[in-house]
Amino acid sequence: MPLHYIYLIVAVAAETIGTTALQASNQFTRVAPTMLVVAAYGVAFYFLGIALKYIPVGIAYALWSGLGIVLIALIGFTVFGQRLDLPAVVGLAMIIGGIVVIQLFSNTATH
């Protein structure tokens, strides 16, 4: 796997941690989760910035946001007990499908 995709994966992981901590911060009233939000988003944007040296911004952002949406929905379901109805599951599957199409068929995505 090319190093720039590792940077993007780190960015997605950090953004997912930051968003999970955002939920846990209880509207920034809990100090530890709030500090984790700031740190995780800092790491996420740093590594996204590095990935943008190699991946076009539209592709990088599509992958970053799409994977983040799916991961946060899964964490919301498993950790916070947030329900997903059928349209939400179908929409998430479509996001995953879009990511697969970009990776398999797009000449814009760097491999």
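When two helices cross, the crossing is called right-handed if the near helix is turned clockwise from the far one by less than a right angle. Keep that idea in mind as you look at this predicted model.

Let's start with two helices. Helix α1 covers residues 3-24 and helix α3 covers residues 57-78. Two packed helices are described by the angle between their axes and the distance between the axes. Here α1 and α3 pack at an angle of about 40°, and their axes are 9 Å apart. That angle makes α1 oblique to α3. The crossing of these two helices is right-handed.

Which residues of α1 and α3 make the contact? From α1 come Tyr5, Leu8, Ala11, Val12, Glu15, Thr16, Thr19 and Thr20. Helix α3 answers with Ala60, Leu63, Trp64, Leu67, Gly68, Leu71, Ile72 and Ile75. Sorted by kind, the residues of this contact are 11 nonpolar, 4 polar and 1 charged.

Now look again at Trp64, which counts as buried because its relative accessibility is 7%, and buried means under 20%. Trp64 also leads us to the aromatic rings. The model has 5 aromatic pairs, counting rings whose centres lie within 6.5 Å. Phe45 belongs to helix α2 (residues 31-51) and Trp64 to helix α3, so the pair ties together parts that are 19 residues apart in sequence.

Note on methods. Residues are numbered from 1 along each chain as its sequence is written. This is a predicted model: local features need pLDDT of at least 70, side-chain atom pairs count only at pLDDT 80 or more; totals for chains, interfaces and linings use all residues. Side-chain values use heavy atoms; hydrogens and water are left out. Axes are lines fitted to C-alpha atoms, for helices over the stretch in contact, and angles run from 0 to 180 degrees between N-to-C directions. Helices (H or I, at least four residues) and strands (E, at least two) are DSSP runs, numbered from the N terminus. Angles under 35 degrees count as roughly parallel, over 145 as roughly antiparallel, 65 to 115 as roughly perpendicular and the rest as oblique. Contact means heavy atoms within 4.5 Å. Ala, Val, Leu, Ile, Met, Phe, Trp, Tyr, Cys and Pro count as nonpolar, Asp, Glu, Lys and Arg as charged, and the others, Gly among them, as polar. Rings of Phe, Tyr and Trp (its six-membered ring) pair if their centres lie within 6.5 Å; planes under 30 degrees apart count as stacked, over 60 as edge-to-face and the rest as tilted. Buried means under 20% relative accessible area, exposed over 50%, partly exposed in between (1.4 Å probe, protein chains only).
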